[in-house]
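Student: I have a sequence and a structure here, and I would like to go through them by question and answer. Can we begin with the chains and end with single residues?

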Amino acid sequence: MTGHDGWDPEDTALVRAYVITKGRELPDEEQLSLITLVTASPGHAQRPLRLSPEEQMLLDICSAGYLSVAEIAGHTRLPLGVVRILLASLVEGGYLITRPPVAPAQLADREILEEVLNGLRAKFG
Amino acid sequence: MVSAPSLGERAYVRSGGTQTAVKILVVGHFAVGKTTFIGSISEIEPLSTEETMTQAAESVDDLKGVHGKTTTTVAMDFGRLTISDRVVLYLFGTPGQQRFVQMWEDMARGALGALVLVDPERLADSFPVIDLIESYGLDYAIAVNHFDGTPLRDERALREALDLLDDTPVVTCDARDEKSSAAALTTLVRYLLDRSQQTTHPAPHQTSH
């Protein structure tokens, strides 16, 4: 029991989104799509940390491996737009690195579809 | 306090450093079984995220969209399937409401194709979904979610009712069953592959941004 009915002044839901994002705008769609894979950059622990609690949370969750932008939003329960903005700023600050989905020109759709088809067959018979 | 949820090792993308992430949409009207389908073959517990459906200027105004704001949040469910060391597949599911244009654009951009889940007893509810998928130019297959032993309307009638092209695959599946869901997905991917082989692709041109 907290004695405050669970009310926490720092509860994300009580903070206006523009406060969390510091008024920044949505990044370019291509930069952080739903399936762009994100992870902490190798040197992130050495960087001076002046991050908001939400940015710190995103950095923490990205420290143990790669996750897609959508998964990061799902795990943190932050709205997707907010997550995108915060991730973009962490990328800009060098805390995170991204692996955008490979453009069709680099890896042919057909090649990917063949790989997916073979993978599904191998997995599920 | 804001603290990061602790995630097990399995939550992370196995070979994220080298894998190409691709996505397939699982669409269908409300309560047709999208979440069940995604859950039956996803290697992670299906996740959900919300997108705020308004102008950016308004959407940052209030997280909950209360106080008489016109913001609407709509949930999108998704799951993941590691295909190989080269490819990781995401499955995204959302209801086919035309008014959520922004979400559809996000989801449709770069998608390999779509699996349209259809309830044979509520065919008309699938019309707007199929219209949307077509308007985004996505190739799709129909999976008739067929779980309660009701007799399936014959395929020709269903094709007519849904106004499908002759080569659009129609399969039945039980969205609760992993193998059945995987078979429906396999049918879609085989169809997408056939389509890509039929289409003569011009040499990919360099885009210069």
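The questions and answers below concern a predicted model.

Student: In which order do the helices and strands of chain A run from the N terminus on?
Tutor: Chain A has five helices and three strands. From the N terminus on, the order is α-β-α-β-α-α-β-α.

Student: In the open sheet of chain A, which strands stand at the edges?
Tutor: The sheet is open, has three strands with antiparallel pairing, and is ordered β2-β1-β3. An edge strand here has a single partner strand, so one side of it is left without a neighbour in the sheet. The strands at the edges are β2 (67-68) and β3 (96-99) of chain A.

Student: Which residue of β3(A) is the bridge partner of A:V38?
Tutor: Strand β1 of chain A covers residues 37-40, and four bridges join it to β3(A). These two strands run antiparallel. The bridge partner of A:V38 in β3(A) is A:T98.

Student: What percentage of the residues in chain A is buried?
Tutor: A residue counts as buried if 20 or more other C-beta atoms lie within 10 Å of its own. Chain A has 125 residues, and the buried share of them is 42%.

Student: Are α5(A) and α6(B) roughly parallel or roughly antiparallel?
Tutor: Two packed helices are described by the angle between their axes and the distance between the axes. For α5 (residues 109-124) of chain A and α6 (residues 178-198) of chain B, the axes are 9 Å apart and the angle is about 155°. Angles over 145 degrees count as roughly antiparallel. The helices α5(A) and α6(B) are therefore roughly antiparallel.

Student: Is the crossing of α5(A) and α6(B) left-handed or right-handed?
Tutor: The residues that meet there include A:L113, A:L117 and A:L120 in α5(A), and B:L185, B:V189 and B:L192 in α6(B). The crossing of α5(A) and α6(B) is left-handed.

Student: Is B:A31 buried or exposed?
Tutor: B:A31 lies in the loop between β1 (20-28) and α1 (34-41) of chain B. Its phi is near 65°, a positive value in a residue other than glycine. Most residues other than glycine have a negative phi. B:A31 has 12 other C-beta atoms within 10 Å, so this residue is exposed.

Student: What is the phi of B:D163?
Tutor: B:D163 lies in the loop between α5 (155-162) and β7 (170-173) of chain B. With 10 C-beta neighbours inside 10 Å, B:D163 counts as exposed. B:D163 is a residue other than glycine with a positive phi, near 55°.

Student: What distance separates the C-alpha atoms of B:D167 and B:D131?
Tutor: B:D167 is found in the loop between α5 and β7 of chain B. B:D167 is exposed, with 9 other C-beta atoms within 10 Å. B:D167 and B:D131 are 36 residues apart along the chain, and their C-alpha atoms are separated by 17 Å.

Technical notes: Residues numbered from 1 in each chain as written. Chains lettered and ligands numbered in written order. Predicted model: local features only at pLDDT ≥ 70, side-chain atom pairs only at ≥ 80, totals over all residues. Pairing = 2+ DSSP bridges. Axes fitted to C-alpha atoms, helices over the stretch in contact; angles between N-to-C directions. Parallel < 35°, antiparallel > 145°, perpendicular 65-115°, else oblique. Left-handed = near helix turned anticlockwise from the far one by under 90°. Contact = placed C-beta atoms within 7 Å.
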